[in-house]
Amino acid sequence: MIGLRVTDDDGLTATGTATISVTNVAPTIIAVTNNGPIITNESTLITISASDPIDPISYGFDCDGNNSYEVGPQASNSAYCLITTAGSILVNVQVSDDDGGVTLDSTTVTVITPQEAIAKLQTDIQALINGGQLNKGQGNALIRNLNNGIKNGFINAVKGFINGGILTTAEGHPLVNTANRIIAAIEKGNG
Ligand SMILES: [Ca+2]
Ligand SMILES: [Ca+2]
Ligand SMILES: [Ca+2]
């Protein structure tokens, strides 16, 4: 209930009361992003950008797309989701205000298997051969290491090429980083 007093331009006034109801405006989701592609058994960082005209908002995350929200409601607009299956994985998000307003959205995470990640690395090595950074013998040796012993042979061979000045750090480090991610993903999957 609010009090009113109106005055006209001749100075006459009247008072009264009126009831006004204010309808809550639900939060607006501007964007939902993920840091994929990832490999199975890695976690992806989901980030929500959202706003509400006046209310504080909280964030929830349904990491496996089954409409049950594992993470939140929480004040932070980002969360890590561990994803154990490959494919295009739907992550649902919800943003809530403190007056019952809820807005839903989602993001799709690209998740590849360790085997697919190895195949991509093989393509990357082939590109280094095609680009002339590695000769065919060097490249094929790396690919053999990739398939036979990614953990020791492959990473050591790449490091050897970097130390020997055959590959630059910028060329070699992504291969090592991807290999380490693949190894960690395989070990998590086996554990
Ligand atoms: Ca609101
Ligand atoms: Ca409120
Ligand atoms: Ca869920």
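This is a predicted model: local features need pLDDT of at least 70, side-chain atom pairs count only at pLDDT 80 or more; totals for chains, interfaces and linings use all residues.
1. Basis. Local features need pLDDT of at least 70 and side-chain atom pairs pLDDT 80 or more, while totals for chains, interfaces and linings use all residues. Residues are numbered from 1 along each chain as its sequence is written.

2. Overall form. The radius of gyration, taken over C-alpha atoms, is 28 Å for the protein, whereas a compact globule of 191 residues would come near 16 Å (the globule rule is 2.2 Å times the number of residues to the power 0.38). Along the principal axes, the C-alpha atoms fill a box of roughly 100 × 40 × 20 Å.

3. Burial. Of the 191 residues, 28% count as buried, that is, with 20 or more other C-beta atoms, placed from the backbone, within 10 Å of their own.

4. Domains. An automatic or database assignment gives domain 1 (28-112) and domain 2 (114-190). Their centres, over C-alpha atoms, are 33 Å apart. The contact (C-beta atoms, placed from the backbone, within 7 Å) involves 5 residues of domain 1 and 8 residues of domain 2.

5. Secondary structure. The protein has 4 helices and 10 strands, taken as DSSP runs of H or I with at least four residues and of E with at least two, numbered from the N terminus.

6. Sheet. Five strands form an open sheet in the order S4-S10-S9-S6-S7, with mixed pairing; pairing requires at least two DSSP bridges between two strands. S4 (38-39) and S7 (71-74) each have a single partner strand, so one side of each lacks a neighbour in the sheet. S6 (residues 57-62) pairs with S7 in the antiparallel sense over 2 bridges, and Tyr59 stands opposite Gln74 in S7.

Notes: Chains are lettered from A and ligands numbered from 1 in the order in which they are written. Two residues are in contact if their C-beta atoms, placed from the backbone, lie within 7 Å. A residue is buried if 20 or more other C-beta atoms lie within 10 Å of its own, exposed if 12 or fewer, and partly exposed in between; C-beta atoms are placed from the backbone.
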